[in-house]
Amino acid sequence: MSCHNSSELQVLCSSSQLFLQPLWDRLKTWEALIQSPFFPVLFSVITYVGFCLPFVVLDVLNPWVPSLRRYKIHPDFSPSARQLLPCLRQTLYQHVVFVFPLTLLHWAHSPKLLPPEAPQLLELVSHIVFCLLLFDGEFFVWHVLHHRVPWLYRTFHKVHHQNSSSFALATQYMSVWELFSLGFFDLVNIKLLKCHPLTVLIFHVVNIWLSVEDHSGYDFPWSTHRLVPFGWYGGVAHHDLHHSQFNCNFAPYFTHWDKLLGTFCPAPLPAWWNCGCGGCPS
């Protein structure tokens, strides 16, 4: 029986390599760019803005497309250009002025070639899940401290709460200290688990998407928290409640820390949940 299971695992690993190895080989043709000190900043900004843009378009369309409002947590709110542009400007400024010098320093002290082999699918998936779980716990502690200690909140975290109704481009509207803290957690987890560079890239894509979705202000039937069973993942409704009430739902993604430590607050059902008319913004 164990031999049968072992052979099945080998087949799974070899079939995953049929997909991951060609993908990794294709990415390695861009090795000069990937290994350059410019890549982390370009990758982060392009991915972040790319994920924000669909929600920005929805916010622009929202006043003229009433059916969209039933998916908005705050149906009567749409961010103005005066709210959107400072958020985008701050993201670009912080990445150029603060993030790029650090990536340049890291690149100068640790240049190395990319590995020839892609990771196994099971390794890639497990490392991404573990990175998300570790980040969730680390940021939960950081977040609680920066709400419970008044000086920390006023000095470092208050800027992120200037917009009580969340929107996508407000995801990275934060202090430099908060931005560096999140980056530090990411780096520590990746080093701790010895993640493959392909795993690191995919993890950052997933992490940026989940962060943007959490701040988007849209609760769709296909949102991530509706795809993960048993209420394990809080999602946009969970995090939006934190922005409006401040004293609950401190974990960025999962719900177990808030439930264990008594800071969990369940989000109300969205307007479309009990609506049987197929499109009314009731």
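User: What kind of model is it, and how are residues numbered?

Analyst: It is a predicted model, in which local features need pLDDT of at least 70 and side-chain atom pairs count only at pLDDT 80 or more, while totals for chains, interfaces and linings use all residues. Residues are numbered from 1 along each chain as its sequence is written, and side-chain values use heavy atoms, with hydrogens and water left out.

User: What does UniProt list as a domain?

Analyst: The unreviewed UniProt entry lists "domain: Fatty acid hydroxylase" for residues 129–263. UniProt positions are in the numbering used here, feature names are shortened, and annotations may be inferred rather than shown by experiment. In the model, residues 129–263 are 63% helix and 0% strand, with the end C-alpha atoms 23 Å apart. Helices (H or I, at least four residues) and strands (E, at least two) are DSSP runs, numbered from the N terminus.

User: Which residues does the "transmembrane region" annotation cover?

Analyst: According to the unreviewed UniProt entry, residues 38–61, 92–109 and 124–145. Residues 38–61 are 96% helix and 0% strand, with end C-alpha atoms 34 Å apart. Residues 124–145 are 100% helix and 0% strand, and there the end C-alpha atoms are 32 Å apart.

User: Which residues touch the most other members of the largest nonpolar core?

Analyst: Leu 132, Phe 135, Phe 203 and Tyr 253, in a core of 31 residues. A nonpolar core here is a set of buried Ala, Val, Leu, Ile, Met, Phe, Trp, Tyr and Cys residues joined through side-chain atoms within 4.5 Å. Buried means under 20% relative accessible area, exposed means over 50%, and partly exposed is in between (1.4 Å probe, protein chains only).

User: Which helices supply at least two residues of it?

Analyst: Helix 1 (2–28), helix 3 (39–61), helix 5 (121–148), helix 7 (176–193) and helix 8 (197–215) each do. Helix 5 gives the most, seven residues.

User: And what is Leu 132 in contact with?

Analyst: Phe 203, Val 206, Asn 207, Leu 210, Tyr 253 and Phe 254, leaving aside neighbours within four places in sequence. Contact means heavy atoms within 4.5 Å. Apart from this core lies another, of 21 residues, including Leu 169, Ala 170, Tyr 173 and Ile 208.

User: Switching topic. How many aromatic pairs are there?

Analyst: A search of the whole structure finds 24. Rings of Phe, Tyr and Trp (its six-membered ring) pair if their centres lie within 6.5 Å; planes under 30 degrees apart count as stacked, over 60 as edge-to-face and the rest as tilted. Phe 135 and Phe 185 make an edge-to-face pair, 6.5 Å centre to centre with 70° between the planes. This pair links distant parts of the chain, with Phe 135 in helix 5 and Phe 185 in helix 7, 50 residues apart.

User: Are Phe 135 and Phe 185 buried or exposed?

Analyst: Both Phe 135 and Phe 185 are buried. Phe 140 and Phe 250 also form an edge-to-face pair, at 6.5 Å centre to centre and 80° between the planes. Phe 140 is in helix 5, and Phe 250 is in the loop between helix 10 (235–245) and helix 11 (256–260), 110 residues apart.

User: Where is His 196?

Analyst: His 196 is in the loop between helix 7 and helix 8. It counts as buried because its relative accessibility is 10%. A polar atom of the His 196 side chain lies 2.7 Å from the backbone oxygen of Glu 117. Not counting residues up to four places away in sequence, His 196 touches Trp 24, Pro 115, Glu 117, Ala 118, Pro 119 and Glu 123.

User: What about Tyr 48, buried or exposed?

Analyst: Tyr 48 lies in helix 3 and counts as buried, because its relative accessibility is 1%. Its side chain reaches the backbone nitrogen of Gln 172 at 3.2 Å.

Methods: Polar contact = N/O pair within 3.5 Å; in protein donor to acceptor, adjacent residues only side chain to side chain.
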